[in-house]
Amino acid sequence: MHTIKYSAASFFKYLTLVFGALAALIPIIVVFFASLKTNTEYANTGPLTLPENWLNFSNYTKAFVDGNMLLGFMNTIIIVLISIAGATLTGSMMAYILARFKFKGSKLLMSAFLLATLIPGVTTQVATFQIINSLDLFNTRWAPILMYLGTDIIAVYIFMQFLDSISESLDESAMLDGASYWTIYWRIILPLLSPAIVTVIIVKGVNIYNDFYTPFLYMPKSSLQVVSTALFKFKGPYGSQWEVICAAIMIAIIPTLIAFIALQKYIYNGFAQGSVK
Amino acid sequence: MERVSNLSYKNQRILIILLFSLVPVVLLLTFSYLPVIKMFQYSFTSWDGFSKNMEYVGFDNYKTIFTRPEYFAVFKVSLYYFFATFVQMGLALYFATILSFNVRLKNWFKGILFFPTLLNGVAIGFIFLFFFKPEGTLNTLLDLAGLGAWQQKWLLNPHLINISLAFASVWRYMGMNFIIFLGAISSIGSDIYEASEIDGANRWHQFRHIILPSIKRILQLNLILAVSGAIGVFEIPYVMTGGSNGSSTFVIQTVDVAFKYSKLGLASAMAVVLLGIVIIVTILQRVLIKEEK
């Protein structure tokens with residue numbers, strides 16, 4: 001009796017897992033199928049039908065060229081690189097002084113950053129827009145870069161958590177050798193933080209790559225399109241060519257897939273560290 | 001940097017605190033606190049965003065929001081997303097629990113369930129446009145399963161549109177909750193499980209008395225995020241429907257009012273109301289958590 005009950009529970013467990021996995025994958029897989037079909041093939045077959053020719057990449061070429069996706073990738077890469085480099089530096093600097101020095105106002109500083117995260121970004125967009133405008137940053141890459149740089153308590157938190165595990169006696173022995181605080185930060189702390197830096201790079205990188213709202217609002221100029229906004233432009237003019245849209249979707253997804261497979265281990269850590277506590 | 005090392009450590013300390021916090025603090029003030037102040041200021045004006053002088057109109061914008069049903073109706077749409085969050089967290093908790101015990105192909109399932117969270121929001125919007133199309137994936141699947149009678153025009157039927165969109169939202173964010181719960185559950189020591197098994201606890205007992213209490217705080221944190229998330233829905237409905245057919249959310253409406261109709265004052269007042277709701281919910285949540293202690 002016990003074994004029957006046990007195996008029924010086990011069966012149910014695997015059934016739900018398989019169902020969950022299918023629910024996660026099918027919407028993406030059908031898009032992949034459609035992206036490999038020719039126009040007539042797409043019109044005459046259902047979404048679940050496999051493509052006739054698995055190597056028909058003509059939709060990809062069309063989407064890549066017509067959607068000017070190369071430009072989108074270039075702009076995205078520029079924005080991601082500068083924002084991440086800046087966020088890593090400023091975040092680790094903030095974390096360094098907050099974790100290592102007890103000074104007047106350090107609590108205030110910490111709560112100022114915390115409170116800011118409680119303000120949902122979308123609510124203040126209208127006013128932020130005016131600020132960007134008055135700084136003459138509208139329709140420049142600096143608009144999103146500055147916004148991605150600002151107020152990142154998550155990065156500060158990840159760094160602070162990690163700094164706690166770096167013994168302060170390291171700092172002290174460096175001070176005995178006459179190292180300045182700057183040298184300690186730059187030569188000792190920053191290199192030791194590298195696992196945390198990888199985490200921050202992934203968390204931030206994913207957020208920036210996937211963000212639509214900010215570039216859509218602040219950089220409508222077509223020469224400044226990023227991957228998200230380039231993809232969004234397929235809406236409308238390609239309404240009847242879903243096989244091309246599907247190829248464009250896949251073009252936007254493939255970098256994520258590669259990064260995910262390559263960095264799986266760090267990604268799990270990063271999201272767990274970044275979101276908890 | 002030679003000069004710095006000549007300073008005493010006390011002076012160095014002051015210098016480095018000032019230097020290291022300068023940029024983050026300036027950014028924080030410019031892009032977090034200044035917008036809030038400006039937003040309150042604009043909300044009492046009829047400013048269009050372009051003209052030189054702002055005209056103060058007192059509480060007129062707020063009156064408009066609370067008296068004209070078309071402005072307030074969008075909150076009903078948020079309810080769909082709010083309820084969807086419970087489905088999402090329930091699923092996440094279920095999968096996180098079973099995947100924290102021994103399961104075959106564990107890492108594969110983890111990866112597959114988590115992957116959607118990493119995808120581009122616009123791509124997800126398109127994927128679900130394709131999924132819900134009249135001759136799209138969902139209807140084909142229903143047909144295949146012999147449930148052809150259940151086929152629907154998922155995005156054209158005003159009674160179904162928000163449910164469909166909320167489903168896409170669950171698909172997108174479930175993996176995020178899942179991975180957070182998984183991290184929290186895996187931090188529970190295995191000795192506790194072993195001890196409970198000796199006492200004759202089954203999986204349900206373990207879930208109810210070990211897992212649930214130890215992830216309570218994260219569960220509550222996710223609930224707070226669920227509320228602000230439900231009000232702040234933008235990408236999925238904007239990409240998929242543009243807010244048509246009764247699927248407009250508060251943020252879509254705010255963006256339209258501000259940038260399409262150039263009513264910056266009114267849009268700011270809407271944002272103030274939105275911020276107010278989020279703050280009230282957060283405080284309520286805090287009070288409730290404290291009472292439980």
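This is a predicted model: local features need pLDDT of at least 70, side-chain atom pairs count only at pLDDT 80 or more; totals for chains, interfaces and linings use all residues.
**Entry 1: terms and conventions**

I take buried to mean under 20% relative accessible area, exposed over 50%, and partly exposed in between, with a 1.4 Å probe and protein chains only. Residues are numbered from 1 along each chain as its sequence is written, chains are lettered from A and ligands numbered from 1 in the order written, and side-chain values use heavy atoms, without hydrogens or water.

**Entry 2: salt bridges**

I searched the whole structure for salt bridges (a side-chain nitrogen of Lys or Arg within 4 Å of a carboxyl oxygen of Asp or Glu).

I looked up K133(B) and found it bridged to E135(B), with the closest N and O atoms 3.8 Å apart. K133(B) counts as buried because its relative accessibility is 13%. E135(B), at 53%, counts as exposed.

I then checked E235(B), which meets R172(B) at 3.1 Å, N to O. This pair links distant parts of the chain, 63 residues apart: E235(B) is in helix α13 (residues 235–240) of chain B and R172(B) in helix α9 (residues 161–186) of chain B. Helices here are DSSP runs of H or I, at least four residues, numbered from the N terminus. Both E235(B) and R172(B) are buried.

**Entry 3: helix α14 of chain B**

I noted a bridge between D256(B) and K260(B), again with the closest N and O atoms at 3.8 Å. Both residues lie in helix α14 (residues 250–260) of chain B, four residues apart, about one turn of the helix. An α-helix has 3.6 residues a turn, so residues three or four places apart point the same way. D256(B) is buried at 17% relative accessibility, whereas K260(B) is exposed at 57%.

I count α14(B) as mostly covered, with nine of its eleven residues buried. Among them are F250(B), I252(B) and V257(B). Just after the helix, S262(B) has a positive phi of about 50°.

**Entry 4: nonpolar cores**

I looked for nonpolar cores (sets of buried Ala, Val, Leu, Ile, Met, Phe, Trp, Tyr and Cys joined through side-chain atoms within 4.5 Å). The largest has 125 residues, and those with the most contacts inside it include L231(A), F234(A) and F126(B). Helix α14 (residues 242–275) of chain A gives the largest share of this core, 15 residues.

I listed the contacts (heavy atoms within 4.5 Å) of F234(A). Leaving aside neighbours within four places in sequence, F234(A) touches residues including A63(A), M69(A), A248(A) and F126(B). A second, separate core of 36 residues includes M93(A), L193(A) and I16(B).

Notes:
Helices (H or I, at least four residues) and strands (E, at least two) are DSSP runs, numbered from the N terminus.
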